[in-house]
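Reader: Before we discuss terminology, please show me the sequence and the model.

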Amino acid sequence: MWNKPHLLNAIADLLMLVAAAALLAAAAVWLVRVPSLPVRHVVFADALPHTKRGEVEQVLPAALKGNFFSINLETVRGALEKLPWVRKVDIRRLWPDRLEISVEEHKPVARWGEGRGELVNSYGEVFAASLPESEASAMPLLYGPQGTASEVLKEFGELVGTFKTVGEVPVQLTLSPRLAWALKLQNGMLVDIGREQPKSPVGVRLARFIEVYPEMVAKRAVRPAVVDLRYPNGFAMRVAGEGKGK
């Protein structure tokens, strides 16, 4: 072997690589364990309108274990994302002793259900958080089976546009377990839209109602309390205290 220089060179190169790897590993272990590189500053990049400072201070210290290199960012992220108003968290290290945290809060657009303190955000996601009564009461109220919040929110947005053409404002939308729609307007009128029907789609029935609304509904001395759109060729109206009539 000693008379084979190329083999000796290869062995020497291999030993150098092993030594370098061991040195890097030792350095990594030292950086992880050294107590002289603590995280001294945690900076939030965005204002937090709804998340209280006390809530952050309650969950953050327990998650900030380790030094600048060893701290588990996923643990920090998970702790913050458990807070009621926090939707998404991004974290990055800033040398030598700082964490910068970007928080996306939920943007509530509607209430969900009743009496459960749940809201729907702009993505159609349900979350549990509290709002002042004045703010909550100004939001529309949506109901639906579990997992349908995104669908209900989308349908509500379309109905807002539909009824805007006749000067009416939807304030409540319900999707029943049988997938039937019921809409309440700001004037108190309940519009029973019903289920999607192959021969009489919801869109067709709504368009027919909106077309005649100015003459048949808006000009009535007494507005109907309930309008039933479930009929394939027409609709029924009922004034409070009266029977039904087409």
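Author: Among contacts in the protein between residues at least 6 apart in sequence, 45% join residues at least 24 apart, where contact means heavy atoms within 4.5 Å. This is a predicted model, in which local features need pLDDT of at least 70, side-chain atom pairs count only at pLDDT 80 or more, and totals for chains, interfaces and linings use all residues. Residues are numbered from 1 along each chain as its sequence is written, and side-chain values use heavy atoms, with hydrogens and water left out.

Reader: Why is Leu 183 called buried?

Author: The term buried requires under 20% relative accessible area, with over 50% counted as exposed and values in between as partly exposed (1.4 Å probe, protein chains only). Leu 183 has a relative accessible area of 0% and is therefore buried. Buried residues make up 33% of the 246 residues in the protein.

Reader: Which residues are in contact with Leu 183, leaving aside its neighbours within four places in sequence?

Author: With those neighbours left aside, the contacts of Leu 183 include Leu 159, Phe 163, Gln 172 and Ile 193.

Reader: What makes β1 and β3 a pair?

Author: Pairing requires that DSSP find at least two bridges between two strands. Here 4 bridges join β1 to β3 (residues 98–105), and the strands run parallel; the two are thus paired.
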